[in-house]
Amino acid sequence: MMSDWYDKDYSDHMNAEYARIRAKHPKLVTVHFECNAGWYPIIERYFDGVAELLEKHPGATFRASQIKEKLGGIRLYSDGSPVLCEPVGKLVREAEIEADRTCEVCGAAGALRVIGVGFYATRCDTHAEGGQLATWQEPTEIAVPGIEARVRIHIPAKKDEDDG
Ligand SMILES: [Zn+2]
């Protein structure tokens, strides 16, 4: 998808911010961030939180396995010591809630949108790329204990602006 906000300056900004966060937490940031820079501050706070937990639990291990955007939400996958499971899970949920209301491109206040045909993204008005507001709700009938899932519900705002 061509996006006019993605240029060399933006790419440089992303690389510099990634390098800065990795330098701050060299042992924790061992994967790339598969999302745009608007969410990097959220990821940084997540790693700040993980670092605090590791100070409280010397000997515990943590390994980030994947950090990415999916269906307009943030996904922070890791494995490590069982003692960290619950507190890291709390940090993940905080990050998810924050990302759901933060533009993935610039970090301003954002909302979930459907851009084009079924491309979900959390964006501000400036970076909406013609996308229509959407929302998600917790699943009711398909919930599986222990597995967190979301069902995206597309709510069209205006019918005749599909091609924006
Ligand atoms: Zn934005």
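A residue is buried if 20 or more other C-beta atoms lie within 10 Å of its own, exposed if 12 or fewer, and partly exposed in between. The model is predicted.

**View 1. Leu71 in the loop between β2 and β3.** Leu71 is not a glycine, yet its phi is positive, at about 50°. Most residues other than glycine have a negative phi. Leu71 has 16 C-beta neighbours inside 10 Å, so it counts as partly exposed.

**View 2. Glu129 in the loop between β5 (119-123) and β6 (132-133).** Glu129, also not a glycine, has a positive phi of about 50°. With 18 C-beta neighbours inside 10 Å, Glu129 is partly exposed.

**View 3. An open sheet of 3 strands.** The strand order is β1-β2-β3, with mixed pairing. β1 (33-34) and β3 (73-80) each have a single partner strand, so one side of each lacks a neighbour in the sheet. Helix α2 (residues 40-56) packs on this sheet and touches β1, β2 and β3. The direction of α2 makes about 160° with that of β2. β1 and β2 (residues 62-70) pair in the parallel sense, over 2 bridges. Phe33 has Ile67 of β2 as its bridge partner.

**View 4. Helix α1 (residues 8-24).** At 1.5 Å a residue, its 17 residues should span 24 Å. The end C-alpha atoms of α1 are 24 Å apart, which agrees. Of the 17 residues, the number buried is 1, so α1 lies largely in the open.

**View 5. Confidence along the chain.** The protein chain averages a pLDDT of 86, and 80% of the residues score at least 70. Over residues 153-164 the pLDDT is below 50. This stretch has 13 contacts in the model beyond near neighbours in sequence. Where pLDDT is low, the predicted coordinates should not be read in detail.

Notes: Residues are numbered from 1 along each chain as its sequence is written. This is a predicted model: local features need pLDDT of at least 70, side-chain atom pairs count only at pLDDT 80 or more; totals for chains, interfaces and linings use all residues. Two strands pair if DSSP finds at least two bridges between them. Helices (H or I, at least four residues) and strands (E, at least two) are DSSP runs, numbered from the N terminus. Two residues are in contact if their C-beta atoms, placed from the backbone, lie within 7 Å. Axes are lines fitted to C-alpha atoms, for helices over the stretch in contact, and angles run from 0 to 180 degrees between N-to-C directions. The expected span of a helix is 1.5 Å times one less than its number of residues. pLDDT is the predictor's confidence in each residue, from 0 to 100.
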